[in-house]
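Please read them with the structure open.

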Amino acid sequence: MSADDSVLLHTEGRAGYLTLNRPRALNALDHTMVRRIDEALTAWEHDPAVVTVVLRGAGERGLCAGGDIRAIHRDASTGGGAASRAFWRDEYRLNARIARYPKPYVALMDGIVMGGGVGLSAHAGVRIVTERSRIAMPETGIGFVPDVGGTFLLARAPGELGTHLALTGAAVGAADALLLGLADHFVPAARLSDLADGLAGAGVPETVARYAATAPGGELAAHREWIDSCYAADTVEEITERLANSGEQAAKEAAETLYTRSPTSLKVTLAALRRARALGSLEHALDQEYRIACAMLTSPDLVEGIRAQIIDKDRDPRWTPDRLAAVTAAEVARHFAPPAGPDLGLGAGGAAARDA
């Protein structure tokens with residue numbers, strides 16, 4: 001497959017279609033794809049014939065499983081991290097652009113939607129989920145943190161539901177994505193192709209209304225009481241203690257999950273979420289996430305987490321440090337300091353920073 005084939009572009013009627021086209025890799029996002037999407041959005045923004053943009057994924061398994069973390073592993077291990085920083089700069093700028101895009105941008109969040117896939121879709125103006133949707137930000141399992149604006153989205157979820165998802169990396173289905181504010185409408189998977197085709201000839205509200213239905217029942221609403229109580233604690237240590245001692249089996253299972261995650265990632269993620277609640281915009285949250293991501297490149301946990309989960313697949317990461325108590329406040333704080341190189345500057349610089 002050539003680089004130009006990784007994102008298929010075509011227009012039909014009044015719609016421009018972006019199709020992520022790496023189905024064997026679950027449409028994992030690389031730098032070339034980010035650039036190609038951004039170029040298409042530029043062209044279609046100024047094309048009066050394109051009224052609506054539609055994002056979808058090739059294949060039957062999902063929209064996008066995230067960024068190409070094998071490339072990040074190679075770069076962090078041997079390349080010094082320059083390529084990863086460049087990728088994140090362009091990716092995060094694209095996330096911000098999607099959120100502010102002046103034309104209707106419809107994301108078909110069918111199947112697996114994780115990490116970078118969330119960044120391409122959950123900031124869209126219209127977000128469609130199906131009964132096959134599985135949406136997650138699983139970064140703490142690879143020694144990283146929710147990024148692509150994930151902290152902004154999850155910090156604004158009802159109660160502490162976003163904290164639960166960010167720390168555990170748990171995946172949710174359609175109804176829970178709607179509850180969390182990560183999606184807007186449910187459409188049965190069998191009707192998704194008709195919906196996409198319909199957008200070529202009709203407006204978004206009437207087309208979505210034609211195909212939308214009631215989502216099957218979710219799971220999170222029934223667990224709100226213990227989730228809100230346990231995750232309201234000020235520290236990850238107290239959160240895990242409350243979960244383990246709550247008397248709820250699901251809470252105990254969440255605690256067991258947290259015990260397997262990178263202690264550093266957990267503490268930085270909690271701090272990022274709490275800070276994101278006070279930030280005034282997605283752009284400011286992306287600035288914060290960029291600083292964290294750059295700092296993570298110098299942490300052993302990112303390389304080790306990807307090795308254990310993706311490269312060797314032994315599922316036995318050896319975190320450094322391996323205990324929550326050993327992660328100091330100073331270590332957490334360094335992830336929020338300006339990077340050694342240029343800052344992202346979306347929040348401070350606005351359009352000038354995005355176009356730099």
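Which residues are exposed on the other side of H9? Pro205 and Ala209 are. The points below put that helix in its setting. Keep in mind throughout that this is a predicted model.

1. Overall build. The protein chain holds 17 helices and nine strands. Its radius of gyration is 20 Å, close to the 21 Å that the globule rule gives for 356 residues, so the chain is as compact as a globular protein of that length. The C-alpha trace spans about 60 × 45 × 40 Å along its principal axes.

2. Of the 356 residues, 54% are buried. Among contacts with a separation of 6 or more, 74% join residues 24 or more positions apart. The accessible surface is about 14300 Å², and carbon and sulfur atoms contribute 51% of that area.

3. The sheet. Six strands form an open sheet with mixed pairing, in the order E1-E2-E3-E5-E7-E9. Its edges are E1 (7-12) and E9 (185-186), each of which pairs on one side only. Strands of a sheet pair through backbone hydrogen bonds, either parallel or antiparallel. E3 (residues 52-57) and E5 (residues 105-109) take the parallel sense, over three bridges. Check valine 54 here: its bridge partner in E5 is valine 106.

4. Helix H9 on the sheet. H9 (residues 204-211) lies across E3, E5, E7 (126-129) and E9. Its direction is about 15° to that of E7. An edge strand of the sheet, E9, is thus among the strands that H9 lies across.

5. The two sides of H9. Val204, Thr207, Val208 and Tyr211 are buried. Seen down the helix axis, the buried residues fall within an arc of 95°, so they line one face of H9. An α-helix has 3.6 residues a turn, so residues three or four places apart point the same way. The buried residues of H9 pack against E3, E5, E7 and E9, and also against helix H8 (192-198). Pro205 and Ala209, on the other side, are exposed.

6. Helix H6. How many residues of H6 (residues 161-168) are buried? Eight of its eight are, and the helix is mostly covered. The run includes Gly162, His164 and Thr168 as well as Leu161, Leu165 and Leu167. The cover includes helices H5 (150-155), H7 (174-180) and H10 (224-231). H11 (236-244), H12 (249-260) and H13 (263-276) also contribute to it. Just after H6, glycine 169 takes a positive phi of about 75°.

Methods: Residues numbered from 1 in each chain as written. Predicted model: local features only at pLDDT ≥ 70, side-chain atom pairs only at ≥ 80, totals over all residues. Heavy atoms only, no water. Pairing = 2+ DSSP bridges. Helix = DSSP H or I, 4+ residues; strand = E, 2+ residues; numbered from the N terminus. Contact = heavy atoms within 4.5 Å. Axes fitted to C-alpha atoms, helices over the stretch in contact; angles between N-to-C directions. Rg over C-alpha atoms; globule rule 2.2 N^0.38 Å. Buried < 20%, exposed > 50% of the residue type's maximum accessible area, 1.4 Å probe, protein only. Areas by Shrake-Rupley, 256 points an atom, 1.4 Å probe, with all protein chains shown as cover. Arc of directions from axis to C-beta.
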